[in-house]
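I opened my notebook to look up pockets and helix packing. Here is the structure I worked from.

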Amino acid sequence: MKILITGGRGMLGQDLKTILESKNVEVISADLGDFDICDQKAVLNFIKNTNPDAVIHCAAYTNVDGCEDNVETAFKVNGCGTRNIALSCGKFNKKMVYISTDYIFDGTKNSPYYEYDTPNPLSIYGMSKFYGEKYVSQLCTDSFIVRISWLFGPNGNNFVKAILKKAVETGEISVVTDQHGSPTYTKDLALFLNDLVATEHFGIYHATNEGYCTWFDFAKKAIELNNLSEKVKMNQITADILKRRAIRPKNSMLHKINLKTSGFTPLPTWETALKRYIDETFS
């Protein structure tokens, strides 16, 4: 099988390439400079010339607060860019996996979101990713929409790395306690995507590590696993104190009913994933 990864130099893209190649998959890893996903003709030509069996579309404009100030860029990349990939996959009969986000939901539900719950984005980022979902469902029949949240991994910046850095440097951190979600480890997600793309179980999936927590819980566990509990003061704060440009959903918990009913193995718990990440990255 030959798979094209867009956003190949990103946090998920790098681990995805490693995992796929370990499974004897031929990988074409593309990023900025290889072709412009916002140029429909360029996308069509690249996919036609490389002729992959499937495209895993990881490329995105993910600066959540930046999207509020750069609305046109957000919709150009996350909306129109995704449209171009979906159009090309549909035209050449390629499978497509679109990496979406928990930010398509408004977070007002009191329990985890199912795949069939109605999206209602609060931010430009969430709206632009939701538009991407619409294009994929309309233009590519053989497609998988995979929603993730709270992504962390060894490549690039992420919450865990930032928190641990600040904890070591200052001895004190303040973390939000009124937002709940589902952390997602890139390596576990990559393994699931490898299994998913080999099937024809098309549809919408929520793919995060098992279990739920607050950002504070997530940070506290990272501090504990690094044996820093006695050295770091942890303060609980509410999200409004941060005064961010973009509104984040207070509930980002995702229920994985389609993943389980389609016969896939659930991802490990977030605590297990976090321990593996810390052991592999910081030891």
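This is a predicted model: local features need pLDDT of at least 70, side-chain atom pairs count only at pLDDT 80 or more; totals for chains, interfaces and linings use all residues.

Residues are numbered from 1 along each chain as its sequence is written, and side-chain values use heavy atoms, with hydrogens and water left out.

**Pockets.** I looked up the largest pocket and found about 1600 Å³ of space in it. A pocket here is an open set of points on a 1 Å grid over the protein atoms alone, where a 1.4 Å probe fits, with protein on both sides within 12 Å along at least five of seven lines; lining residues have an atom within 4 Å of a point. I read 49 lining residues for the largest pocket, and Met11, Thr62, Asn63, Val64 and Asn157 lie nearest its centre. The second largest pocket has about 220 Å³. Its lining has 14 residues, with Gln179, Ala239, Asp240, Ile247 and Arg248 nearest the centre.

**Helix pair.** Next I checked H1 and helix H7 (residues 186-197), which pack at about 55° with axes 9 Å apart. Helices are DSSP runs (H or I, at least four residues), numbered from the N terminus. Axes are lines fitted to C-alpha atoms over the stretch in contact, and angles run from 0 to 180 degrees between N-to-C directions. The contact (heavy atoms within 4.5 Å) includes Met11 and Leu12 of H1 and Thr186 and Lys187 of H7.

How values were computed
Grid points are joined across faces, edges and corners, and a volume is the space filled by probe spheres set on the points. Helices (H or I, at least four residues) and strands (E, at least two) are DSSP runs, numbered from the N terminus.
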